[in-house]
Amino acid sequence: MSGAVKGPAGGSAGGSLGFLRFAARRLAEMAATLVGASFVIFGAMYLAPGSPAGFLLSGRSASPEALKAVNAHYHLDDPFLLQYLRWAGQILHGDFGRSITYRTDVSRLLADRLPATLLLVAMALVLVTAAGLLLGWIGAVRGGRTDSAVLVGTTFALGTPSFVAAVLLQGLFAVELGWFPTGGTGEGFGQLLWHLTLPAVALALYLIGLLARVTRAAMLEVLGQEHVTVALSRGLSRHRVIRRHVFRNALGTVLTTGGLIVSTLLVCTVLVESAFSVGGIGQLLELSTTTKDFPTVQAISLIMVGLFMTVNLVVDLLHPLVDPTVTLGARRSPA
Amino acid sequence: MSTTVLRRPGLARIRTTRAPLQHLCLGFVALVVLAAVLAPWIAPYDPNRIELGNALAGPSADHLLGVDASGRDTLARLLTGARTSLLGPLGVVAFSTLAGVAVGVTAAWRGGWLDSVLSRSTELVFAFPGMLLAILIVSVYGEGLLAPVIALAIAYLPYVSRLTRSLVLAERGRPYVEAYQVQGHSGLQICLRHVIPAVTPVVLAQSTVNFGYALIDLAGLSFLGLGVPALTPDWGRMVFDGQSAVQHGYPLSAVLPCAAVVLTVVAFNVVGERWADQVARRDR
Amino acid sequence: MTTTLDIRAYHLRLPDTARPVLAGVDLTVDARETVALVGESGSGKSLTSRSVLGLLPHGATTGGTVEVDGEDVLTMTPDRLRRLRTSTAAMIFQDPRAAINPLRRIGDFLTESLRLNAGTGARAATDRAVEMLEAVGLSAAVLRRHPGQLSGGMLQRVMIAAALMGDPALILADEPTTALDVTTQAEVVALLGDLRERFGTGLLFVTHDLGLAAAISDRVYVMYAGRIAETGPAAALFERPRHPYTAALLNSTPRPDAPQGRLAAIEGRPPGLREDLTGCSFAARCPLATYLCSQQAPELLPVAGEPARRTACHHTDRIGTRGGADA
C-alpha cells in the first residue's frame, strides 16, 4: 500500500519543459500560417484583371511619375517571389508602403486610427465577456422561464448583424432619445468613450448571444456531472459549488471561443465604424476598398489577421492552465 | 436543496413542446422564399420607380410600407430585395457544401499526406474571417455579387469539410464498411452509396445554419456598398440607403429591411439547429 | 447503543409516477455498526442512502422521518443540512473518477469542505488531509496531484479520506467497489472495515451483491421495488432466507460453498414506476405467490422464533432452507 503516484497521464500543465516545447511549436505554427496569410494578401493583387501596376493605380491618372512610384515600391519588374520577400521585409521594418488615396505613409494612417479601433474593440470585449458570461450563467443555473428568456434573447442576438444593430441603436438612442451622439469620436478621452458607447454595444450584441449560448451549454454539461452532486453532498452551498466547480470547469470550453470572438469583433469594426463614422481602421478599410487603395487594404488585412492569430495563440497557451486535463498539442478547431 | 437529477429511462419525458416554434420558423422561411420567387408579379411597383415628391412618406393605401428617401416603394424593394438577399447565400452554401463534402470525404478516406495538406490549408483559411476575405477580393475585383459569394464560399468551406471529415471518419469505423470492403466493393462505391448518404443530414443541417451566417455577411458587404451594385434592391443596401433617413428621424425605410434580415436569419438558424438536434437524437 | 441513523415509514414520490419510489422504508444504523442495504438497480437503495444527506431528486415529495443523530433531515433548514453534510454524515460514491472534479487538485478536494464550511484554516485543513491520506494508505504527495494522475483504486481511497475529513458519525457507501477492478475491490472493502473500527463510525453499505453484504456487515436489509423485503443479522439471513426474493437472490449469486452449482436467474423484471401496485411487489415473479399476495401487501413482521429478523411475506413459513423458494 505505497503512496506511489502514477506519472502524468497523457501530459498535463505540470511539466514546464513540456509546456515550453508546446508553446514553441504553437509559435512556429502561427508564424507559418502568418506567412501563408501574408502570401495570400500580397498575391491577391495578381488576381486583378489587367496589370498589377494598372490595378494599383486604377481610377487615377496613370502619370509616368505615379507609375514609377508604384514600380519603385512594389518592384513589379522583379520575379514574384522576390517582390513578395521584399514587401514582407519592408513590413517587418514597419513600412507598409504609401497610401495611394491619402498620399502618405500607410503606417502613419494606421498609427492615427488604430487607437480608436482598439479602444472600441476593448469596450465591446468587456461588454461581451460580462454580459455573455452572466446571461449564460443565469440561463444554466436558474432554468425554467429565465432560461427560456435567455434562449429567445440569444437567438435574436445571433440573428442580428452588427450593422443592423448599429442602425437600430443609432435611430433609437441617438436620434429619438438623444442620449448618445450619432457618430464621430469627439475631443478628449471622456468624449471618445461617450462616442464609442453605442458602437461598442452594436459590435457586442451578436457575440453576447454567442458567448451566452456557449457558456450556458458548457455549464449545463458540467451541472449534469456527478462531482457536482458530490460537492453538494459535502455541505458546500449551491452558490459555491456553481462558482468553484460548475463555472470553473466550463471556463475551458468558454475560452476556446476567444479567438472567434476577437476576430469577429475586429472584422465587424468595418461595419460599425462606417455606420457611426468612427475614424478607426475599420472605416479606413471600407474607404480604401471603395477607393481601391490597395496598400492600405493589404496593411489592414494583415494587421487584423495578425491580431486574430495572436489571440488564438494566447488562448491555446492559456487553455492547459485553465483546464489541466487538456492534452498539450491536441488540435482544436477555432470555431 | 433538491439537486441530483435521476436519469432513468422510465422517467424520461418525451419532449414535444418546442415543435411549434420550429414550424413557425419553417413557415417563415417558406414565406420569404415564396416572396423572392414571386416578387416580379406581386411587387406593387417597379422597385426602382422614383416618386421624388413622395420621398420618406409613411405607410398609406398607395404605399403599404411607405417610401424611402429616393421616393421608391419600400414594399416593392423588400420583395424584390429578397431575391438578391437569398440568392447570394444560396450560392455560398451550395458551393461550400459541395466542395466541402468533396474535400472532407477525400481527406478522411485517403488520409496520409493529402489529409495533412488539406488540414494545413484549412488552418490558413481559418485565419481569414469570411468578411475580411470577401473585402480583400472585392478590393481587387470591384463590387458585384459574384466575387464576395466566391470569397465567402471559400471561407465557409473549411467548416463544412472539417465536419464532414470527422463524420466520415466515424462512419468509416463502423463494421458495415469493412463488410462491404471484404465483399470487394470499391472505396468510391462505398463512399457514394453508403457513407455520403449517411453523413448528409448532419452536413445539410449545418449548411442551413451557414445560410443565415452567409446572409449576414453578404448583407454587411451590401451595407458597405461593396456587394450588389447600387441600384439593385437588396436588404443590406436598403439599410445603407435608409441610414441617413434614420439620422433625420425617418427610421421606417431602414427598420423594415433590418427586420427582414433579423427574422430570416433567426428562422434559418432555428430550423437548422433543430434539424441538427433531431439528426443527433436519431443517431444516438 | 445509540442509534445514528433512524429511518421511519419513509415515503418518496417523484412527479409523473404511478407509485411511490420508496414506500414505507424502516431502517436503522447504530453507532459503530455496519449495515448493508441490498437490492437490484432501481430498487430504491441509492435513493434511500442519498436521502440521508437530503440529496433528493427534483420535484420529489416525502413522508415519514429520516433522523440522523436524532434530527430529521427532511425538515432541516438549508444551513443545518449543510452542517450535517460537513460533519455528521458523509458519502462515498460509486465511481471515484466521476465523483472528483478533474480540474482541481486532490488537496483542494479534500480540504474544501472544512475550509469553506467549518472555517478551518488552510494549514489545519491540510494537516488533517495528510492524516486522513495516511489512514487510507496514501502519501502526502497525492495532495498536489490532479485526479487524472491517479488510478481508480487510489481515487476511491481519496474519496474515503474525504469522507473521514469531517469526523462523521455515519458513512454512507453507495456501491463503493462496483467501478473498481476485483483486486482493488477487496482492498477497499478491507480498508472500509478497518477505518470503521478505528474511527468508530456507523456504516451504511449499499450494494447489489448479497455475498459481499453478508461478508462485511452486522445486519442486512434487502430492498425490493421501494420496500424492505427482509432484514436481519447477516449470518442468519444468509443461512436461511425468510423472503422468497432473498432466496432467489442467493440462488442467483455464485458461491464457492454451494455444491450443486446451479444458478437460477430471477424470471421477469422489477415493476416499473408507471404501474400502480396492489399487493406484494414481488408477487409477479414469486413462485410462492397466491391470490392473497396479489391483493394485500404484506407487512414487515418479526419472524417467529427469531426476534431480530423481520420479513414482509405472507408465506414465510413455506420457505425452506437455502434455495427452497422453488418448492
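Reader: What share of the contacts in chain A between residues at least 6 apart in sequence joins residues at least 24 apart?

Author: In this predicted model, the share for chain A is 72%.

Reader: What makes up the secondary structure of chain A, and what does that of chain B come to?

Author: Chain A has 13 helices and 2 strands. Chain B has 9 helices and 0 strands, and its elements, read from the N terminus, run α-α-α-α-α-α-α-α-α. The C-alpha trace of chain B spans about 75 × 55 × 45 Å along its principal axes.

Reader: How many of the residues in chain A are buried, and how many of those in chain B?

Author: Of the 335 residues in chain A, 44% are buried. For the 284 residues of chain B, the figure is 44%. A residue is put in this class because 20 or more other C-beta atoms lie within 10 Å of its own.

Reader: How do you know that chain A is in contact with chain B?

Author: By the C-beta distance of within 7 Å, 47 residues of chain A are in contact with 43 residues of chain B. On chain A, the helices that each supply at least two residues to this side include helix H1 (16-43), helix H11 (258-276) and helix H13 (294-322).

Reader: What makes E2 and E5 of chain C edge strands?

Author: Strand E2 (22-30) and strand E5 (71-72) of chain C each pair on one side only. They belong to an open sheet of 4 strands in chain C, in the order E2-E1-E4-E5, with antiparallel pairing.

Reader: How do you know that strand E1 and strand E4 of chain C pair?

Author: At least two bridges are needed for a pair, and strand E1 (residues 3-13) and strand E4 (residues 61-68) of chain C have 7, in the antiparallel sense. They therefore count as paired. C:Arg8, for example, has C:Thr65 in E4(C) as its bridge partner. Helix H1 (residues 45-52) of chain C packs on this sheet and touches E1, E2 and E4 of chain C. The direction of that helix makes about 120° with that of E1(C).

Reader: Why is strand E7 of chain C called mostly covered?

Author: Strand E7 (residues 170-174) of chain C has 5 of its 5 residues buried. Each of them is called buried because it has 20 or more other C-beta atoms within 10 Å of its own. C:Leu170, C:Leu172 and C:Asp174 point one way from E7(C), while C:Ile171 and C:Ala173 point the other way.

Reader: Which strands do bridges join to E7(C)?

Author: Strand E6 (residues 89-92) of chain C is joined to E7(C) by 4 bridges, and the two run parallel. C:Ala89 stands opposite C:Leu170 in this pair. Strand E8 (residues 202-207) of chain C is joined to E7(C) by 5 bridges, also parallel, with C:Ile171 opposite C:Leu203.

Reader: What makes the β-α-β unit of E7(C), helix H7 and E8(C) right-handed?

Author: E7(C), helix H7 (residues 182-199) of chain C and E8(C) form this unit. The unit is called right-handed because, with the strands pointing away from the viewer, the path from the first strand over the helix to the second runs clockwise.

Reader: What order do the strands of the open sheet of 8 strands have?

Author: The order in chain C is E6-E7-E8-E3-E9-E10-E12-E11, with mixed pairing. E6 and strand E11 (301-303) of chain C are its edge strands, each pairing on one side only. The twist from one strand to the next averages 25°. Within the sheet, strand E9 (residues 219-224) and strand E10 (residues 227-233) of chain C pair in the antiparallel sense over 6 bridges. C:Met223 has C:Ile228 in E10(C) as its bridge partner.

Reader: Which domains does the domain assignment of chain C give?

Author: The assignment gives domain 1 (3-217) and domain 2 (223-323). Their centres, taken over C-alpha atoms, are separated by 28 Å. In chain C, 24 residues of domain 1 are in contact with 19 residues of domain 2. On the domain 1 side, E2(C) supplies the largest share, 6 residues. That side of domain 1 of chain C divides into 12 nonpolar, 8 polar and 4 charged residues.

Conventions: Residues are numbered from 1 along each chain as its sequence is written. Chains are lettered from A and ligands numbered from 1 in the order in which they are written. This is a predicted model: local features need pLDDT of at least 70, side-chain atom pairs count only at pLDDT 80 or more; totals for chains, interfaces and linings use all residues. Two residues are in contact if their C-beta atoms, placed from the backbone, lie within 7 Å. Axes are lines fitted to C-alpha atoms, for helices over the stretch in contact, and angles run from 0 to 180 degrees between N-to-C directions. Domain bounds come from an automatic or database domain assignment. Ala, Val, Leu, Ile, Met, Phe, Trp, Tyr, Cys and Pro count as nonpolar, Asp, Glu, Lys and Arg as charged, and the others, Gly among them, as polar. A residue is buried if 20 or more other C-beta atoms lie within 10 Å of its own, exposed if 12 or fewer, and partly exposed in between; C-beta atoms are placed from the backbone.
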